[in-house]
Amino acid sequence: MSDLRKSTGDDRLALKASVRRSITLAGGGDSVQHATRVDATSLSRYGSANIEQQKTHCPIDVALDLDLEAGAPVITTAMARAQNYELVPMLSADVSSVPWETKLCRLGQVRGELYGVMGEALSDGRFDAEEASRANAKIEEEIAQLRRIQARINAEGGASGQIVRMTGGERQ
């Protein structure tokens, strides 16, 4: 029946690696065991890539505990990536006194900078590693600007509650 599984061996190894990272960020198994319902030995098995532990995975409630203790959605992010999704953090409402015109002008400036970086990179018909890094940084800056604008729109429009949005789609 294992050949009917949608997750791959690499997916499951990535989950185990994310459990190890989350445990490390949370202070180690001996420490974090007190914040979960399992002991340090079980936590070690959940993160182990040894063949003997390949079918031993972290229960979802323990994964949540680990991520909360780690202060970051390490395991949750790995699960989202395995499904070709990306986690996007909720932003607090941006109700700053910065005028809308200034926000929109800054967004336009960032977009222009992105186009400039991309145009320069593509002048030879391809991106090299440094050019890709600069373009990705500008894309992230633009996404952050858009999220801040979205948060302000929601705050001013009376939108109730922020939602963690997952973007992505089908596995490739």
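pLDDT is the predictor's confidence in each residue, from 0 to 100. It matters here, as this model is predicted.

**Stop 1: colour by confidence.** Select the chain and colour it by pLDDT. The average is 86. A score of at least 70 is reached by 87% of the residues. Now select residues 40-47. This is helix α3, where confidence is highest, at a mean of 96. Then select residues 165-168, strand β2. Confidence is lowest there, at a mean of 56. Where pLDDT is low, the predicted coordinates should not be read in detail.

**Stop 2: trace the chain.** Switch to cartoon view. Seven helices and two strands make up the elements of the chain. Start at the N terminus and follow them in order: α-α-α-α-α-β-α-α-β.

**Stop 3: show the surface.** The chain has 172 residues, and 30% of them count as buried. Next, turn to contacts between residues at least 6 apart in sequence. Of these, 68% join residues at least 24 apart.

**Stop 4: two packed helices.** Select residues 9-25, helix α1, together with residues 60-70, helix α4. The crossing of α1 past α4 is left-handed.

**Stop 5: the side of contact.** Show V19, S22, I23 and L25 in α1. They meet L66, D67 and A70 in α4.

Technical notes. Residues numbered from 1 in each chain as written. Predicted model: local features only at pLDDT ≥ 70, side-chain atom pairs only at ≥ 80, totals over all residues. Heavy atoms only, no water. Helix = DSSP H or I, 4+ residues; strand = E, 2+ residues; numbered from the N terminus. Buried < 20%, exposed > 50% of the residue type's maximum accessible area, 1.4 Å probe, protein only. Contact = heavy atoms within 4.5 Å. Axes fitted to C-alpha atoms, helices over the stretch in contact; angles between N-to-C directions. Left-handed = near helix turned anticlockwise from the far one by under 90°.
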